[in-house]
Amino acid sequence: MKVLELCLSSGVGGLELYALQTAKELARFGCDCVAVVKDGTMLSERLHSEGVRTITLRRLNPILPWVAARRLAKIIDQEASDVLHMHWGKDINLAVLAKRFARRKIKLVYTRQMMITRLKKDPYHRFLYRHIDLYLTITRQLRDKARGYLPMSKSAVQLLYYGIPQPASLSGDQRRSRRHDFGVHGSLKTAIGLVGRIEAQKGQHLLIEALQMLREQGLPVHATFIGPVMDDAYLARIHAQVARLGLQENVTFYGSHKRPIDIMQAFDIVVLATEMETFGLVLIEAMRSGVAVVGSKAGGVPEIIEDGISGLFFEPGNAADLADKLKRLCVNTDARRAIAAAGKARADKRFTLEQHYRDLMGFFKA
């Protein structure tokens, strides 16, 4: 089977990383895969460094991408592609036009990773979605919204959870070294991690507030923020927040990491503080790493965590509630270990990389 992975996004988030991973993993399942990307993006650079064959495409007019669509149609014909797999919503009109221009019959599959917020049954969207053969969603909540909001049959909208690879184990020395890199000095400190882009919607400021509440109660805690800076003004704001609260020794801004799952075992707790996360991939990475998780009770998070069993919920935007849930895990290490073990068992059963791509291949072939 020949698959084109299409993603012209310039972003650096989970959507682009999933496109990168998929382009790499499909080869393991017998696919001849080529990625169609925008030149000069993080995605194009990472694909090149990983040895994945890429074709660059430039879209001159994002509203009416006729020229780019004819170029993409030519790629479909030249590559004799069977499936065109999309990731970015802004590529839909391009892909639909290319499907109509191409001589070769191709299956159009779209993986939707962001929440749908409005009805899309006007004539324009009816035209677009009539040409999409399969619409995959990453949560049940998103699947149900798509079935209600889109002009597609229920059978054309299906659920496919993310899958995460099994992380390599860190030795005791490696874990101590990582904790030292994070600024966690002393074995009694509870190391808390938040992995995500540095921007307000990811909630770093909430964790800083919660950290101050925990410190006032005499708990030795440390938070590490891992992720690229997307909002310089927000970064300046939370640096000022840390300084105002006197938390400089309790907070580390680590920067980006290509594979956060490789270092998560160094944490005691991983937090997802987004007010509305469509899924919460970082929680699954932490769970498969054997780390206890705390996530905001919104979006797709309730499909990942069983509250009080495989993780803890806190009310979105509520720093006091976040501090309370973190305190429970800080003061009771037995409970923390039990939640971490249950979380790992759940994630190892439901969210494996192998199962995800077996299911994806099944959808491609159906």
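User: Leaving aside its neighbours within four places in sequence, which residues is R59 in contact with?

Analyst: This is a predicted model, and in it R59 has its place in the loop between β3 (54-56) and α3 (66-79). Once the neighbours within four places in sequence are left aside, the residues in contact with R59 are L8, P65, A68, W88, K90, D91, N93 and L94.

User: Does R59 count as buried or exposed?

Analyst: The cut-off needed here is that buried means under 20% relative accessible area. The relative accessibility of R59 is 18%, and R59 therefore counts as buried.

User: How is the pair of rings of Y110 and Y135 classed?

Analyst: The structure holds twelve aromatic pairs, and a pair of this kind is described by the distance of the centres and the angle of the planes. For Y110 and Y135 the ring centres are 5.3 Å apart and the planes stand at 80°, and because planes over 60 degrees apart count as edge-to-face, the class of this pair is edge-to-face.

User: Where in the chain do Y110 and Y135 lie, and how many residues apart are they?

Analyst: Y110 belongs to strand β5 (residues 107-112) and Y135 to strand β6 (residues 134-137), with the pair linking distant parts of the chain. Both Y110 and Y135 are buried.

User: Over which ring does the charged end of R70 sit?

Analyst: The charged end of R70 is placed 4.0 Å from the centre of a ring, and it sits over that ring, which belongs to F101.

User: What is the phi of A80?

Analyst: A80 lies in the loop between α3 and β4 (83-86), and with 26% relative accessibility it counts as partly exposed. Most residues other than glycine have a negative phi. A80 is a residue other than glycine with a positive value, and its phi is near 50°.

User: By what distance are the C-alpha atoms of I106 and A80 separated?

Analyst: I106 is found in the loop between α4 (92-101) and β5, and it counts as buried at 4% relative accessibility. Not counting residues up to four places away in sequence, I106 touches I76, S81, D82, V83, L84, K99 and D133. I106 and A80 are 26 residues apart along the chain, and their C-alpha atoms are separated by 8.9 Å.

User: How are helices α8 and α9 oriented to each other?

Analyst: Helix α8 (residues 204-216) and helix α9 (residues 232-245) pack with their axes 10 Å apart and at an angle of about 5°. The contact involves residues of both helices, including I208 and Q212 of α8 and I238 and V242 of α9. Because angles under 35 degrees count as roughly parallel, the orientation of α8 and α9 is roughly parallel.

User: Which residues is T352 in contact with, leaving aside its neighbours within four places in sequence?

Analyst: T352 has its place in the loop between α12 (333-350) and α13 (353-365), and with a relative accessible area of 13% it is buried. With neighbours within four places in sequence left aside, the residues in contact with T352 are G163, I164, R288 and A347.

Note on methods:
Residues are numbered from 1 along each chain as its sequence is written. This is a predicted model: local features need pLDDT of at least 70, side-chain atom pairs count only at pLDDT 80 or more; totals for chains, interfaces and linings use all residues. Side-chain values use heavy atoms; hydrogens and water are left out. Helices (H or I, at least four residues) and strands (E, at least two) are DSSP runs, numbered from the N terminus. Buried means under 20% relative accessible area, exposed over 50%, partly exposed in between (1.4 Å probe, protein chains only). Contact means heavy atoms within 4.5 Å. Rings of Phe, Tyr and Trp (its six-membered ring) pair if their centres lie within 6.5 Å; planes under 30 degrees apart count as stacked, over 60 as edge-to-face and the rest as tilted. A charge sits over a ring if NZ of Lys or CZ of Arg is within 6 Å of the ring centre and within 35 degrees of the ring normal. Axes are lines fitted to C-alpha atoms, for helices over the stretch in contact, and angles run from 0 to 180 degrees between N-to-C directions. Angles under 35 degrees count as roughly parallel, over 145 as roughly antiparallel, 65 to 115 as roughly perpendicular and the rest as oblique.
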